[in-house]
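Please report on one strand in this model and its surroundings.

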Amino acid sequence: MATNVGAVCGALKRFSRPHASNWVWKKKVFCCKMSTESPSLTHTITLPNKPNEPVHIVAAPGVSHSDFWNAVESSLFKQWLHNLQTENGILADGTMSLRQVLVQGVDMFGKRIGFLKFKADIFDKETGKKIPGIVFARGPAVAVLILLESESETYAVLTEQARVPLGRIILELPAGMLDDNKGDFVGTAVREVEEEIGIKLNVEDMVDLTAFLDSTTGCRFFPSGGGCDEEISIFLYRGRVDKEIITQLQGKETGLREHGELIKVRVVPYKNLWHTTADCKVLVAVALLEMAMKDGLLPTLST
């Protein structure tokens with residue numbers, strides 16, 4: 001099929017050149033046999049501390065042009081690249097090399113990326129071996145351990161909701177992902193409690209339990225570092241309430257129904273919390289709280 005030379009040149013500026021066998025000359029007229037395969041979407045970057053080691057970013061089949069560029073420009077991907085180059089980063093000591101990233105999937109939450117799936121080719125320079133590099137990126141999140149004292153008993157407030165990846169209904173701490181790039185962890189924590197529990201907390205009353213971790217950890221915990229980039233901050237809220245409040249919270253239906261959040265509030269005695277659920281956020285929160293209390297790190301609960 002004959003095509004206009006100007007149109008072809010314009011297309012060549014946007015896409016990689018098809019295989020040479022698809023191009024022919026006929027009677028001084030530039031012609032193109034149209035390929036049935038779309039050219040791959042690619043982009044090349046160099047990291048600040050690796051100027052001589054280009055990194056090729058490639059879209060897997062089925063990834064659209066818009067999804068690909070949303071992925072490349074997303075805060076999730078940029079944060080992952082930043083983590084590689086930090087003091088404890090994989091590329092920090094120069095023994096590893098990132099050569100290619102294959103973008104495999106994108107899930108949009110409105111106008112922003114919620115989940116990003118990609119495969120990174122990172123090699124050990126000495127052995128030439130590739131290390132496991134499948135990444136499910138979802139970014140930072142927060143969780144809140146709410147403890148309410150009533151009539152000499154301390155209660156923990158949990159949410160009960162369906163978790164499709166697990167195929168189960170589980171009890172867990174109120175939690176949520178950060179919705180923006182501002183890093184407002186405590187603000188997000190307060191907002192999630194209001195959405196999932198239906199009570200409004202003051203930012204000033206929140207204690208960051210993960211802040212007690214050594215600074216080299218980044219003061220967040222990683223629930224599944226073998227496949228996911230998620231890092232979670234856990235906050236503590238303590239208060240005193242009448243027993244009527246405990247009764248009102250038990251079984252209360254909450255959540256953003258328009259977003260599919262079908263949540264019930266469950267209240268359990270704190271002394272039973274550690275064996276009530278297998279939610280890792282709960283177990284980490286209990287461990288951090290107990291050690292913080294043992295070392296006298298918590299502020300006195302105000303009346």
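The model is predicted. Strand β9 spans residues 140-150. Nine of its eleven residues are buried, so β9 is largely enclosed by the rest of the structure.

Which strands does β9 pair with? The partners are β14, β12 and β10. The table lists each pairing with its direction and its bridges.

| Partner of β9 | Direction | Bridges |
|---|---|---|
| β14 | parallel | ten bridges |
| β12 (residues 175-177) | antiparallel | three bridges |
| β10 | antiparallel | five bridges |

Individual residues show how these pairings line up. V144 stands opposite F235 in β14. V142 has G176 of β12 as its bridge partner. S150 is bridged to E153 in β10.

In a regular strand, side chains alternate between the two faces of the sheet.

**S150**

S150 belongs to β9. Is S150 buried or exposed? Its relative accessibility is 3%, and buried means under 20%, so S150 counts as buried.

Which backbone atom does the S150 side chain reach? The S150 side chain comes to 3.2 Å from the backbone nitrogen of K243.

**The hairpin turn and E151**

β9 and β10 form a hairpin, with two residues between the strands. β10 covers residues 153-163. E151 sits in the loop between the two strands. Its phi is near 50 degrees, which is positive although E151 is not a glycine. Where S150 is buried, E151 is exposed, with a relative accessible area of 63%. Exposed requires over 50%, so E151 qualifies at 63%.

**C219**

C219 is another residue with a positive phi that is not a glycine. Its phi is about 60 degrees. Where is C219 found? C219 lies in the loop between β13 (207-208) and β14 (231-240). β14 is also the strand that runs parallel to β9.

How exposed is C219? The relative accessible area of C219 is 22%, so C219 counts as partly exposed. The cut-offs for that class are 20% and 50%.

Definitions and conventions: Residues numbered from 1 in each chain as written. Predicted model: local features only at pLDDT ≥ 70, side-chain atom pairs only at ≥ 80, totals over all residues. Heavy atoms only, no water. Helix = DSSP H or I, 4+ residues; strand = E, 2+ residues; numbered from the N terminus. Buried < 20%, exposed > 50% of the residue type's maximum accessible area, 1.4 Å probe, protein only. Pairing = 2+ DSSP bridges. Polar contact = N/O pair within 3.5 Å; in protein donor to acceptor, adjacent residues only side chain to side chain.
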